[in-house]
Amino acid sequence: MEIGASIKALRQRHGITQETFASYIGTSVQTVSRWENGINYPDVSMLPILSSYFKVTTDYLLGIRGDAIMAKLLKTTEVFEAATNEEAEKMIEKFKAEKFPKLVSYSVNEKNGKFLLEVTKEFGVDLNEMNFDEK
């Protein structure tokens, strides 16, 4: 079972100390350390709490990885309606500033006094590269 290694990797990737993590989930630092070192494992009732905290699936925590035929979100195209061109431009700047998903193209068109912003974003990254930190 890879849950301890998964917890440790996720915690470190997010820059979270064992103390902060333990406090959030309501356990001791020693318990977190024992999980991460494979001495024991979290109770099954903790899995939803852990997966919610790291924003990953319970399968991911348990080390269950899909095979090559699993579907993967690669790209989306979305259309937003803005009241003004300036509002659409502000949205574009926000999308540009985001590291994930990556903005690859956009266009702004006026239709019936409204500004339609069409954006295309790419998601084609491995789950380990995704940043799930809240802002």
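Biologist: Leaving aside neighbours within four places in sequence, which residues is Lys121 in contact with?

Modeller: With those neighbours set aside, Lys121 is in contact with Leu74, Lys75, Thr76, Glu78, Phe95, Pro101, Lys102, Leu103 and Val104, where contact means heavy atoms within 4.5 Å. Please keep in mind that this is a predicted model, in which local features need pLDDT of at least 70 and side-chain atom pairs count only at pLDDT 80 or more, while totals for chains, interfaces and linings use all residues. Residues are numbered from 1 along each chain as its sequence is written, and side-chain values use heavy atoms, with hydrogens and water left out.

Biologist: OK, and is Lys121 buried or exposed?

Modeller: Lys121 counts as buried, because its relative accessibility is 9% and buried means under 20% relative accessible area, with exposed being over 50% and partly exposed in between (1.4 Å probe, protein chains only).

Biologist: Which residue does the side chain of Lys121 make a polar contact with?

Modeller: The side chain of Lys121 makes a polar contact with the side chain of Glu78, at 3.0 Å. A polar contact is a pair of N or O atoms within 3.5 Å; within protein, one must be able to donate a hydrogen and the other to accept it, and residues adjacent in sequence count only if both atoms are side-chain atoms. Lys121 also forms a salt bridge with Glu78, the closest N and O atoms being 3.0 Å apart, and a salt bridge here is a side-chain nitrogen of Lys or Arg within 4 Å of a carboxyl oxygen of Asp or Glu.

Biologist: Which strands do Lys121 and Glu78 lie in?

Modeller: Lys121 lies in strand β3 (residues 114-122) and Glu78 in strand β1 (residues 75-82), so the pair ties together parts that are 43 residues apart in sequence. Helices (H or I, at least four residues) and strands (E, at least two) are DSSP runs, numbered from the N terminus.

Biologist: How many salt bridges does the count come to?

Modeller: The count comes to 4 salt bridges. One of them joins the side chains of Arg11 and Glu36, at 2.6 Å from N to O, and this pair links distant parts of the chain, with Arg11 in helix α1 and Glu36 in helix α3, 25 residues apart. Both Arg11 and Glu36 are buried. Lys96 and Glu93 form another salt bridge, with their closest N and O atoms 3.7 Å apart, but these two residues both lie in helix α6 (residues 85-97), 3 residues apart, which is about one turn of the helix. Lys96 counts as partly exposed at 44% relative accessibility, and Glu93 is partly exposed too, at 45%.

Biologist: Back to α3, then: which of its residues are buried?

Modeller: The buried residues of α3 are Thr31, Val32, Trp35 and Glu36. Seen down the axis of α3, they fall within an arc of 135°, so they line one face of the helix; the arc is that of the directions from the helix axis to the C-beta atoms. These buried residues pack against α1, α2 and α4, and α3 is followed by Gly38, whose phi is positive, near 70°.

Biologist: Which members of the largest nonpolar core touch the most other members?

Modeller: Of the 17 residues in that core, Ile7, Phe21, Trp35, Leu50, Phe54 and Leu61 touch the most other members. A nonpolar core is a set of buried Ala, Val, Leu, Ile, Met, Phe, Trp, Tyr and Cys residues joined through side-chain atoms within 4.5 Å. The elements that give two or more residues to this core are α1, α2, α3, α4 and α5, and α4 gives the most, with 4 residues. There is also a second, separate core of 5 residues, which includes Ile92, Phe95, Leu117 and Val119.

Biologist: Last one: how many helices and strands are there in the protein chain?

Modeller: There are 6 helices and 3 strands, and from the N terminus on the elements run α-α-α-α-α-β-α-β-β. Buried residues make up 31% of the 135 residues in the chain.
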